[in-house]
Structure formats: structure tokens, C-alpha cells
Amino acid sequence: MASLPKRIIKETERLVSDPVPGITAIPHEENLRYFQVTVEGPEQSPYENGVFNLELFLPDDYPMEAPKVRFLTKIYHPNIDRLGRICLDVLKNNWSPALQIRTVLLSVQALLASPNPNDPLANDVAEEWLQNEDNAIAKAREWTNMYASKQ
Amino acid sequence: MLLEFEKVYPVFSWSWDIPGDENAVKENGDEDLCGICRVSYNGTCPSCKYPGDDCPLVIGECNHNFHVHCIQQWLDTPTAKGLCPMCRQPFSLKRNVAINEFQMGRLAKVLINSQPATLNDDQDMMMEPEFVVR
């Protein structure tokens, strides 16, 4: 394996020594570019009390290219599809090398606090969100209890 | 007491001459790190071995500084859209700064190449002369 850029080593060290509240990111032993991530659902969101598993991968071109992030835990959210793919600007067009693993994961957590059904990835979920928001939120809560409850 | 010097070993130190640096607001209270690779200004980008003239620093019009190799690599990507990674303003080199002089030609090429990609309807401001490569 090619040697790991200093920036990735520094970021990893800081994720351990000064973790972001409600977020963990642990590199895989055999591939230090692959992280197992957990994100706690934000308080007062339908995802409250949930712990969501994600995977994060730093491509060879990182930080010129954004990390690849995907939900592994099932989640009912208009901007996250059934494969766990996330519709988030900083992961695509609005990536900047000034961003880091921690800021990206904070953005993911913020997306849980403010779902945006007007820019949907999961069309059926977004439709439900727009037509019957109370129902959608109840379903998101239900899925959180079913799939993301703290064990 | 009488001292006799047998040998003298001079030690030199250097750093990039960044005008106005004394007053600059340090990002996040960090030491002076390249916002892209997060190595010291006076160190090298990840591809270089020797700091200094082999791996120069450039100063942006927006007062964000980067190793020239780092910012060049970023501006070469389609995602960059010619923007500074820190403040997302169109990136250009600050004028009349000594350490930028040698990099003008190199970066100008990147900036010219990256401009057309930004010419969307909502980005007409990019066409204004002041955004054209200096």
C-alpha cells in the first residue's frame, strides 16, 4: 500500500484525541483510508436516540476529491436513498480541500436535523415528506427505533 | 577568562516573506498551515522533498496562502471551478508580492483553463475584468 499522506494521519489522530461529540470514526486496521463511522441522531429530530452506522472512504485523490460516505443503517430520509447514498452538496459539487473528515460528518449530522425534501434522492420519501410531513416524521422515528436503536 | 574559538558553525533559518502576516488573523488559531495539505507554509507539499524554491508558497488575492503545487492541483480539478478552497472566491494571485512573482506564469495558465467551466448564467460576475487573471 502506498504510504498514507501526512494530512490523513493528522486527521485520524485528531479524530481520536479530540472526537466530535456524537460522532465516531475508526479507521480499518488493514486499510487506513476506510473508516467505520457512527453518527448519533440529532436531538429534537426524528432520528433522536438513534445511532447510525456509516462507512467513509478516502479516495486516492483525497483531499482533491471528496470522501465517499454512505449510510449502512437503514434510514427514512428524503436525501438518503435505500442504498445509503447521501445527497449532500459538500460531498459532490461543493467539496473543498479545506473541508475534512470531521466537517463532512458534521454536515451529515446536520442533514439529519434538517431534511430537505425539495432536493430529494429518495423520491418516495420526499413525496411523503411534502404531502404529509407528520406521517413522514412518524415513519422516520419508527425506522430509527427499528434499525438504529442503541444496543 | 580568555576564550578561544576553534570553530564556528553558522546556523541559518528562513521563512517565506508574507506581507502583513503579523496582523493576519490565524485560521482556527492554527499555526501557518497550507489549507490543502495542512503542512507548514515553510514545509513542502506531499509530493516534494525539499522546502523552499522547489516547493514555493503563493499568496492569494483573498489572503489565503497555499503551496503552489497544492493550489495548482486543486484548480486543475473540475470541482474547483477556479475558487479558493477556503473562502470560495475566485482564486487569483496577489499582485506586487515578491514571492508570487515567479509563479504568475504557472498559475495564470491554470486560471485561464479553469475559467470557462465557471461561465454559467448565474455566474456572470466571473466575466468582469477584475476577475480575469492578473
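Two residues count as in contact here if their C-beta atoms, placed from the backbone, lie within 7 Å. The model is a predicted one, so local features need pLDDT of at least 70 and side-chain atom pairs count only at pLDDT 80 or more, while totals for chains, interfaces and linings use all residues. Residues are numbered from 1 along each chain as its sequence is written, and chains are lettered from A and ligands numbered from 1 in the order in which they are written.

Chain A comes first. Its secondary structure amounts to four helices and four strands, where helices (H or I, at least four residues) and strands (E, at least two) are DSSP runs numbered from the N terminus. Along the sequence, the order in chain A is α-β-β-β-β-α-α-α. Along the principal axes, the C-alpha atoms of chain A fill a box of roughly 50 × 35 × 20 Å. Of the 151 residues in chain A, 34% are buried; a residue is called buried if 20 or more other C-beta atoms lie within 10 Å of its own, exposed if 12 or fewer, and partly exposed in between, with C-beta atoms placed from the backbone.

Helix α1 of chain A takes up residues 6-17, twelve in number, and spans 16 Å from its first C-alpha to its last, close to the 16 Å expected (1.5 Å times one less than the number of residues). Its buried residues are A:Arg7, A:Glu11 and A:Leu15. Looking down the axis of α1(A), these fall within an arc of 70°, so they line one face of the helix; the arc is that of the directions from the helix axis to the C-beta atoms. Over on the other side of α1(A), A:Glu13, A:Val16 and A:Ser17 are exposed. The cover over the buried residues of α1(A) includes β1 (23-27) and α2 (101-113) of chain A.

Next, the loops of chain A. An unreviewed UniProt entry lists A:Cys87 for "active site", bearing in mind that such annotations may be inferred rather than shown by experiment, that feature names are shortened and that positions are given in the numbering used here. A:Cys87 sits in the loop between β4 (68-71) and α2 of chain A and is partly exposed, with 18 other C-beta atoms within 10 Å. Neighbours within four places in sequence aside, A:Cys87 is in contact with A:Asn79, A:Asp119 and A:Leu121. A cis peptide bond, with omega about 10°, links A:Tyr62 to A:Pro63, and A:Pro63 lies in the loop between β3 (51-57) and β4 of chain A. A:Gln44 is not a glycine, yet it has a positive phi of about 60°; A:Gln44 is exposed, with 8 other C-beta atoms within 10 Å.

As for chain B, 13 of its residues are in contact with eleven residues of chain A. The side of chain B that touches chain A has seven nonpolar, four polar and two charged residues.

Methods: Nonpolar A, V, L, I, M, F, W, Y, C, P; charged D, E, K, R; others polar.
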